[in-house]
Amino acid sequence: MLVLMNVDASDEQTQAVCNRVEELGYRPHPLPGATRCAIGITGNHGAVEADSLSQLAGVAEVIAVSKPYKLVSRDMKSEDTVVRFEGSDATVGGAELALMAGPCSVESRAQLFRVAEAVAKTGARFLRGGAFKPRTSPYAFQGMGEQGLEILAAAREAFGLRVVTEAIDHESLALIDQYADMIQIGARNMQNFALLKLAGRASKPVLLKRGIAATLDELLMAAEYVMSEGNYNVVLCERGIRTFADHSRNTLDVSVIPAVKKLTHLPIIIDPSHAAGKRDKVAPLGRAGVAVGADGLIVEVHCDPDRALSDGAQSLYPDQFAVMTQGLRKIAEVVGRTLPEPRNVPAVVAVAK
Ligand code: PEP
Ligand code: MN
């Protein structure tokens, strides 16, 4: 159920509707839009008593939502969500495409600072890098843990980047909520419902990656889990799904982008790196993603990929990332978007640890 407020409804009227929803034993989710506020109602198992809400002051309409996902739906909010970050003008979902880049894993302070400087110069506004790594093999590098988060936070200060990094469980999520700017939920955890609920109670925006065999409905329901707990800043990510094709690590499902755009107001970015698996295919897939309407990209970049502790084969050298970004600018223009401009960043000498 969804309550649409009048265009000129006051904050007090919106609050009164939320109070009534709570009295009925449900949870209100007020989502302000460009022209008016919509209040999603969750926690009901059947029809909500629409009559007791439709008569309240400021209410334009009470609408039954037939889809299983409610808060993520375009019915709830017709205009696109723009996710913002405290202390920065970087956004995801606005006219400027979000450019996120960095190594698969944080390996040392020197490694991260070198690559952070390079991607910041190219224009990236977000620095990626895993400190907690979900690896296929228990013997593979599992990440630096909290020390990795400290290095990420130091790089954020040095280069003015927003930090996005993956949470794999309760403990890492709580730490990432403190240290980072965006909480990544990886493909393997897309249906870890306990983790999704925790992310929904966190203070930072969530980057939700599509599971390797998840349908669009399953992805949207995972986002609904996060939003149902009160965190409305969710960004979806298409990172390739598993198919019979064996010429790439995964198959980038470009057709999911327009499908997502139709059903939800949430932004969606693409990860061409995990789809490609090999660096020579990253730029072409990135171009496809921008052309089809993605709101940004997350790309793995490493200064010495042959020695990377994870995903070296798909990591771009910094100069390849710069060339790719130049190419993306032309495509962005065709679809009415922009990319952040290259910028001067302070030369920071990383102290090797
Ligand atoms: C990653 O971003 O390094 C990662 C592990 O991604 P995914 O969850 O998409 O495999
Ligand atoms: Mn990776």
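Leu173 touches Ala167, Ile183, Ile185, Leu195, Leu198, Ala199 and Ala202, leaving aside residues up to four places away in sequence; contact here means heavy atoms within 4.5 Å. This is a predicted model, in which local features need pLDDT of at least 70 and side-chain atom pairs count only at pLDDT 80 or more, while totals for chains, interfaces and linings use all residues. Residues are numbered from 1 along each chain as its sequence is written, chains are lettered from A and ligands numbered from 1 in the order written, and side-chain values use heavy atoms, without hydrogens and water.

Back to Leu173. In the largest nonpolar core, which has 81 residues, those with the most contacts inside it are Leu173, Phe159, Ile185, Leu208, Leu236 and Phe321. A nonpolar core is a set of buried Ala, Val, Leu, Ile, Met, Phe, Trp, Tyr and Cys residues joined through side-chain atoms within 4.5 Å. Buried means under 20% relative accessible area, exposed over 50%, and partly exposed in between, with a 1.4 Å probe and protein chains only.

Now the domains. The chain is divided into domain 1 (2-63) and domain 2 (83-334), with bounds from an automatic or database domain assignment. Their C-alpha centres lie 34 Å apart, and 5 residues of domain 1 are in contact with 6 residues of domain 2.

Next, the metal. Which residues coordinate the manganese ion (ligand 2)? They are Cys104 (SG), His274 (NE2), Glu300 (OE) and Asp311 (OD), at 2.1 to 2.4 Å. Donors are N, O and S atoms within 2.8 Å of the metal (3.2 Å for Na, K and Ca); water is not among the atoms, so sites may look incomplete. Along the chain the donors follow the spacing C-x169-H-x25-E-x10-D. His274 lies in helix α9 (residues 272-276) and Glu300 in strand β14 (residues 296-300), so the pair ties together parts that are 26 residues apart in sequence. Helices (H or I, at least four residues) and strands (E, at least two) are DSSP runs, numbered from the N terminus.

Both His274 and Glu300 are buried. Asp311 is buried too, at a relative accessible area of 19%. Asp311 sits in the loop between β14 and α11 (318-334), and its phi is near 55°, a positive value in a residue other than glycine.

Last, ligand 1. The residues around ligand 1 include Cys104, His274 and Glu300, counted as near if one heavy atom lies within 4 Å. Polar side-chain atoms of Arg239 and Glu300 lie 2.6 Å and 3.4 Å from an oxygen atom of ligand 1, respectively.

Notes. Polar contact = N/O pair within 3.5 Å; in protein donor to acceptor, adjacent residues only side chain to side chain.
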